[in-house]
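Work through the exercises below with the sequence and the structure open. Try each task before reading its solution.

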Amino acid sequence: MKDVRKVPASAGADWLLGGFRLLRQAPLGLAGLGLIYGLVALLVPMSMQVNTTLFLVLELLLVALGPVLTAGMVYAAQRVDRGERPLPVHLLQGLREGKAGRLLATLVPQLAAVLLCALLLVAMVGGDALGQMAQAFETMQKQAQPDASLLSGLPIGRLLLWMVLAVVIGVVTSFFTVLAVPEIMLTDSPAWDAMRRSFHACMRNLLALIVFVVLAIIAVLAIYLAVVVVAAVLRLVAGELVMQVVAQLLATAILMPVLTGAMYTAWKQLFAGGASMGASAITDRGGIEA
């Protein structure tokens, strides 16, 4: 694909910095959208206290809304990049533009990955062994001093191998969607073409992606640490429940704009069809390869 750019490994840092830059340009607007996203996500666990059926319905609804809300955050990031103001209604921009179906299609690789992992789990560990392990772990949780001998004879090694494979499958699956969401939201690309281009772009720029993931993990941990400090103070003043709610909302208000802003920045740099933000600058530094 000639329209997918090759960038240096350092571009991964540019993507994350781009997310922070956009948040700094419109802190209240983007953080407000992240806060709304966090409130929606918070309704799901809270509904468990009301009704299990309601919880399941809201959980499915949140899964379905996930790509739409993420696309809305990306759209808002583009507006900020153009010097415009993000608005709460932009969270549903995908619905307003009739792109909900294409955005929902990005869930297909994820559902396929879940099914594949489930099949591998049964094939590698076995249904009977899974039941025995579940009982063993449940018994150990009830013990003051867990008896590790309960796990003897169980295929723990195969379970650990399955966990490694599940992580690999999850990472590869994300290649299909991480750039497909902005591609669908910001262009007229069909869903399957967007996912194909996203996968190709990630595979072609693995080093930059690794740099981004490592730095993103560090940033997330740093943000959570700051949020925990604020939440600990609130706990002394307002109690445990308020602390948990505020901690989740603060984290979402910061992380969602930064990560979706990074997605938008990566999309602009990697896809020749996107706007030229960062691309010309990187070209001047000799970073982009044909």
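The model is predicted, so local features need pLDDT of at least 70 and side-chain atom pairs count only at pLDDT 80 or more, while totals for chains, interfaces and linings use all residues. Residues are numbered from 1 along each chain as its sequence is written, and side-chain values use heavy atoms, with hydrogens and water left out.

**Exercise 1.** Find the salt-bridge partner of Arg21 and state where the two residues lie.

Solution. Step one is the criterion: a salt bridge is a side-chain nitrogen of Lys or Arg within 4 Å of a carboxyl oxygen of Asp or Glu. A search of the whole structure finds six. In one of them, Arg21 pairs with Asp81, and the closest N and O atoms are 3.4 Å apart. Step two is the location: Arg21 belongs to helix H1 (residues 11-25) and Asp81 to helix H3 (residues 52-81), so-called distant parts of the chain, 60 residues apart. Helices here are DSSP runs (H or I, at least four residues), numbered from the N terminus.

**Exercise 2.** Which network includes Lys268, and is Lys268 buried or exposed?

Solution. Begin with the contact: Asp81 forms a salt bridge with Lys268, with 2.6 Å between the closest N and O atoms. Lys268 is in helix H12 (residues 240-270) and Asp81 in helix H3, so this pair ties together parts 187 residues apart in sequence. Salt bridges with shared partners join Arg21, Asp81 and Lys268 into one network.

Next, apply the burial classes: buried is under 20% relative accessible area, exposed over 50%, and partly exposed in between (1.4 Å probe, protein chains only). Lys268 is buried because its relative accessibility is 3%. Arg21, at 23%, is partly exposed, and Asp81 is also partly exposed, at 22%.

**Exercise 3.** Which residues make the nonpolar surface patch, and which helix gives the largest share?

Solution. First, the rule: patch residues have over 30% relative accessible area and no salt bridge, with like charges joined within 9 Å and nonpolar side chains (Val, Leu, Ile, Met, Phe, Trp, Tyr) within 5 Å. Areas come from the Shrake-Rupley method with a 1.4 Å probe, and for residues only the protein chains shown count as cover.

The patch covers about 620 Å² and is made by Met203, Leu206, Leu207, Ile210, Val214, Leu215 and Ile218. Helix H11 (residues 206-238) supplies the largest share, six residues. Leu206 is in helix H11 and is partly exposed, at 33% relative accessibility.
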